[in-house]
Structure formats: C-alpha cells, structure tokens
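Thanks for coming. I will go through a few parts of this structure, and please have the view open while I talk.

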Amino acid sequence: MTPLTQRSAWLALRKHHDATHGTHLRELFAADPGRGEQLTLDAAGIFLDYSKNRVTDETMMLLGQLAEQCDLAGRTAAMFRGDKINATEGRAVLHVALRAPRSASIVVDGVDVVAEVHGVLDRMAEFAERVRSGAWTGHTGRPIAAVVNIGIGGSDLGPVMAYEALRHYTKRDMTFRFVSNIDGTDLVEATRDLDPETTLFLVCSKTFTTQETMTNAASARDWLLASLKDPAAVAKHFVAVSTNAAAVTTFGIDAANMFGFWDWVGGRYSMTSTIGLSTMLAVGPDHFRAMLAGFHDMDEHFRTAPFEANLPAILGMLTVWNVNFLGAETVAVLPYEQYLKRFPAYLQQLTMESNGKRVTLDGTAVDYATGPVYWGEPGTNGQHSFYQLIHQGTRLILCDFLAFAEPLNPLGKHHDILMSNVFAQAEALAFGKTAAEVTAEGTPADLVPHKTFEGNRPSNVILMDRLTPAALGKLVALYEHSVFVQGVIWGIDSFDQWGVELGKALAQKIAPELESAATPAHDSSTNALIVRYRRMRGR
C-alpha cells in the first residue's frame, strides 16, 4: 500500500499549500463575495459554515480525492456492515447499531444485533419507568430520589455530558450525581447530602473489575450498609451495567438488574448503550429514544451523502488540512450554550483516545501528525480566559463554535448578546485588525503592534435550531464520524486504546508497594517517590 505522504492527492495538497499559504482570509473573501454562502452545508438539522477556513474549492476537491484514495467510502461501509475494523482487537465497531431503528438488521457472527439492542432498550425503559414513577422502592419501601452513576472513562464522560446537556429535560425532583475519580473526595462529596434509603447506585463496568469503579462501588456499598445494616439492601439500591454476571452477583446485585452490552461497543462510543441508563432515568425513555433518533439521522447522512455534501467528512477533512498542512496542534471546541459545558471534556476522550496513535494499522510508524489536542470551555466564559492566546498568540488553533438559534431559557436580551459574540469571535479570528486600521483609530505608535490582530485563523461555526435530545444526538454523531474520517485518512486504528494500559498496569504494581516495607523495584525517581510517600504517611 502506498504510504499516505506519497499518495498523489497528498502530494497535490502539499503543492497546493505551498502555492497558497501566503493568502489571507481577507483576500479570499474579497476575491469571492459569495464565499460566506458557498462554503457552507445545511444537512441533517445542522448548518456548518466552514468559509473561514483557509481553503478554496481546489483545497476541498483535493481533500476529497485524498479521502477517496484512503478508501473512506469502503471503510465506512465496512463499519456499518459490522466488519471487524478494530484490527488490533479483532472486533466490529458498531455503535451505529445502538441507535438503528427496530426495522433495521445488522448481522454480526450470525446474530441480528439490532434486535438484541432493542430488547435491552426495552428492559432499560421498563426499569426507568419504575424508578421514575416511584414503583421501584428502596430497602425500606421509600421511592428513589437520587441516582449516583459510578464509572470512569466512557462509563462516566458520556453520561455526565448527556445529563448536563439535557438537564432542561430532566426529572427535577430527582438528584443525579456522577462518581469517577478514585480520589475518595469524589464519592464523599457526591453522597454527603444523600439519604441512603432513597439512593440508587448504577455501577458501570463491562468486566466489573475496573479498579477505580469497583473501589468506588465497594465504598458506596459500605456507605449504604453503614445506615441500612442489612446486606439484602444492596439488591434494592444497586444495579449493574456489566457483562460479568458472576462478579455482579458476588457484589450483592441481583443479576436480573444487570444490563449488558457488547464487545463491539467501545467505551467512548457507549453513551447510547446501557451506559446511558442514567441518562434515560434522568430524561425518560421518550427523550432518550429521541436522542437515539438524532444519532441515527447523522449516521444515515454520513453513510449516504457524497463527501462534498457530507458534514462529518468535511469536518474531518478540514481537521486533516489544518493539522497536517497548516500546522495546527489543537482544536478548541467552544459551545455557546451553557448546557454543553461538559461537551469539550467528552470530546477529549472521543477524539484523543481514538486518534492519539503513532503507528498505522499495519504497525508502521507514521511520519506525519495525527490526533490534535481537543479542549475548550463554554462561551462567553472562555473569552475572558484563553481567547487572548487564540487571537494574538503564536500558535494556530482551529476553533469550532457551537451555537443554537433558540434558547431553552429565554431571558431578556441574553441570547442575542450571546449569539453576537459567536459571530464576532469568528469574524475577528478570520479578518483580524491591521496595523493601518489600528493607526487610523488614533492609537499611539508604540501601542499599534499590541493592538494589531493578525487574523487568518481558521474556524467553523456549527449552528442548530435548539438544543433538544435529537439535536444532541446529531452533534455527538457528527464528531464521532469526523474522528473516524480523520483516522481513515491517517491510516490508524481509531478504535483501540493500548496507550492507557501501561500506566494502569504499573499502578497495580505500585499500589501494594506503598504499604510495604520492602525496597521498591523501579527507577531511582519512582523508588524515591514511593519511599518519600511512605515516610509522609508515617509508614
């Protein structure tokens, strides 16, 4: 197979970049008055304005050719078919099956997984209705008033993000908390003001062996039994999202209250699986299914639309362009919607665990940049924090502005002011402010350099009507598939995560050494830190 950097489209893009890299966005807009309307896409309920990227029609054509040469269409079809495209783990990648309609059929190893998915969704809905209605009661007969989700990684980030994003639609007379950190403070603060008699814990761990999750779950069980005393209470206050029935039963959870999922569901793609049980409890089965329908709408758009009219394909290709040809190392995701305050954190796992890879599918070291760092904060908060660096710093940062035309909480002129900042920030990044313009304002000469804005900084504006459950589904799926597009072009496995294993394995070795008197067997720095920690703890 021809290496990526030797493919004709890549070489053409390199030549195109060399010929155009000195062109400013001011020039591109001046040369094409219709650019702001032409380099846009309105599809699947999302409007994308990518005109403020440093691209031309030729750039987009060449990026499309690169995607074709990397067999994006074939790889997409393979994913939707259920082929085992997670090469290093020999697994299918079928998060799209989690939101397929009942009428669909996807067969993996002779089993129609869509039918299985809807069977589990129906169980989740029945359980959620019992808890939300008060029919499910705790050990003392009182209804559940608080739900605590215990998980980590994909078993936490998705549920937390979805709860915050859809808080407007949640059952407000119930409290929802999320515990992930092994730091005891996380669990202590989450349960400090809760009543054990009315608290339900969801323990989310596929294997039921995840160190952080099971340590927190065991401490939560101790917290419960310190008050309720009877071990039988565990079965009324704990349910499991897992596939390890034996371990679940040993913990004290009734296996009938275990909700399973499948090997072809990656953790960072699992919020639409049973990992979303806390989301369904919070917003109800109808809203949860509306969210799934939004995911499916974007799935179908991605699967069927040609590259030039395909939202995830365009977003993914633009990221490749900005990273590999313009040198951007990070992507700032800037939601101008307070409910999406956890969306950038959610995207960090989705994007960086997926594409933070240094070898291709066949194990060859890459000689080009892969996954950029994703980060961000809600607007307008970020404007008073890190936007200084985005506007006038020395690093090129691709910005995604996310916004909604209709507010969920109308209040005076708040939303118009919020939206004016979205449009203003994208404009300022693109066009900047020249030294001549600053001088014309009467600025003293010694201050002109400080008040000049270079501009020519790329951004996308993603605009939707209103933050609904369906809209959230579309937005998440947009980024899921954009990440996939990037990974296909880079020739990497976007669905494994071996990079998280080494630190976990070493921690398992070090933990008992912290309580031991034996000489630790690591490098001199680690040994010294372990010994100092023992001394500080009086051991």
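Strand S2, residues 46–49, pairs with strand S13 through three bridges, and the two run antiparallel. One point to find in that pairing is Asp49, whose bridge partner in S13 is Val461. Keep in mind that what you are looking at is a predicted model.

S13 also pairs with strand S12, residues 397–404. Here there are six bridges, and the strands run parallel. Along this pairing, Leu402 stands opposite Ile462 of S13.

A probe the size of a water molecule, rolled over the atoms, shows where empty space is left. The largest pocket holds about 1100 Å³ of space. Its lining has 41 residues, and the ones closest to the centre are Thr210, Gly267, Gln497, Glu501 and Lys504. Which of them gives the most? That is H21, with five residues. By residue type, the lining divides into 18 polar, 14 nonpolar and nine charged.

The second largest pocket has a volume of about 470 Å³. It is lined by 22 residues, and nearest its centre lie Met1, Thr2, Arg7, Thr360 and Gly491. Helix H20, residues 469–490, provides the largest share of this lining, three residues. The lining here divides into eleven nonpolar, six polar and five charged residues.

My last stop is Ser494, in the loop between H20 and H21. Why does Ser494 count as buried? Its relative accessibility is 2%, and the cut-off for buried is under 20%, so Ser494 falls in that class. Leaving aside residues up to four places away in sequence, Ser494 touches Arg268, Tyr269, Ser354, Asn355, Lys357, Val483 and Gly487. For a sense of distance, take Asn456: Ser494 is 38 residues from Asn456 in sequence, and their C-alpha atoms are 31 Å apart in space.

That is what I have for today.

Technical notes. Residues numbered from 1 in each chain as written. Predicted model: local features only at pLDDT ≥ 70, side-chain atom pairs only at ≥ 80, totals over all residues. Heavy atoms only, no water. Pairing = 2+ DSSP bridges. Helix = DSSP H or I, 4+ residues; strand = E, 2+ residues; numbered from the N terminus. 1 Å grid on protein atoms, 1.4 Å probe; cavity = no way out; pocket = protein on both sides within 12 Å on 5 of 7 lines; lining within 4 Å. Points joined across faces, edges and corners; volume = space filled by probe spheres on them. Nonpolar A, V, L, I, M, F, W, Y, C, P; charged D, E, K, R; others polar. Buried < 20%, exposed > 50% of the residue type's maximum accessible area, 1.4 Å probe, protein only. Contact = heavy atoms within 4.5 Å.
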